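Here are a few friendly notes on the pockets and the packing, for you to read with the model open beside you.

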Amino acid sequence: MPEAVLEARGVTAGYVPDLPILHEVSLVAHPAQITLIIGPNGAGKSTLIKAIAGLLPVSAGQITFGGADITHIRTDQLAARGIAYVPQTDNIFRSLTIRQNLDLALRRAGAGAPARLARLLEQFPALADKQRDKAGTLSGGQRQFLAIAMALATAPKLILMDEPSAGLSPKAAQEVLEHARTLTRSGVSILLVEQNVNQALRLADHCFILAEGRNQIDGPADALLNNKVVGEIYLGARRMGAA
Ligand SMILES: Nc1ncnc2c1ncn2[C@@H]1O[C@H](COP(=O)(O)OP(=O)(O)OP(=O)(O)O)[C@@H](O)[C@H]1O
Ligand SMILES: [Mg+2]
């Protein structure tokens, strides 16, 4: 197995001092893989992504990216280092056009911006056709593609995606997830939170399950697909340590 692209070790973090949501959570993501995080509502999946993205104070533990400590690095600096974050909600500017959204995302690309824009429009033909339309007029699936395109505008090595298929039709959800797989073929690593558990497990390489802000089990995604314990964790019937 090649060296990890991202590693979280014993991360404790939350929104309010002295009230941790994550309790010593650890995970590892490998290059050009989809690393999946699943777990019941309120498990701390988004909180973990936000802690990695530098949006929340980490009170204990360490996060490394390509071997470098990024535990207390701000979000904008993480973008410069190659980490892009696609939030669960409000991940595009609806009142701006598609082109304006992309231009905003490309603002740090400097002289490389036109070539990068051309490449993005090639990758997302549906967006290319609608550049002048307001992003709010896009379908749910197209909005997620725009959010992903905006993440790609920063030429990231790692993309943190929080429930990109939420609220989409099964077909659109599958398209978004399959696109994530396509991205890994070009060397990008993806840390993916999903509630479409079966669809995501079929696609991902490795999966970590969280519940109540703690690690439960993890393993190769295909091995967890039919694992009885996974269902039990979702139903709250079993916790690590209480099994
Ligand atoms: N901004 C916030 N301020 C304080 N507490 C929060 C905030 N956002 C989330 N929480 C709390 O943190 C816990 C974990 O929430 P989180 O959003 O990480 O869960 P999740 O696993 O992403 O759930 P979902 O599947 O519903 O997206 C919950 O108890 C939630 O109430
Ligand atoms: Mg969430």
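1. The second largest pocket has a volume of about 220 Å³, taken as the space filled by probe spheres set on grid points joined across faces, edges and corners. A pocket here is an open set of points on a 1 Å grid over the protein atoms alone, where a 1.4 Å probe fits, with protein on both sides within 12 Å along at least five of seven lines; lining residues have an atom within 4 Å of a point.

2. This is a predicted model, in which local features need pLDDT of at least 70 and side-chain atom pairs pLDDT 80 or more, while totals for chains, interfaces and linings use all residues. Residues are numbered from 1 along each chain as its sequence is written, chains are lettered from A and ligands numbered from 1 in the order written, and side-chain values use heavy atoms, without hydrogens and water.

3. Around that second pocket you will find, among others, Arg116, Arg119, His179 and Ser186. Helix 4 (113-123) gives the largest share of its lining, four residues; helices are DSSP runs of H or I, at least four residues, and strands are runs of E, at least two, numbered from the N terminus.

4. The largest pocket has a volume of about 810 Å³. Of its 28 lining residues, Ala79, Tyr85, Arg107, Met150 and Thr154 lie nearest the centre. Helix 2 supplies the largest share, five residues.

5. Leu146 touches Ile92, Leu102 and Leu127, among others, not counting residues up to four places away in sequence; contact means heavy atoms within 4.5 Å.
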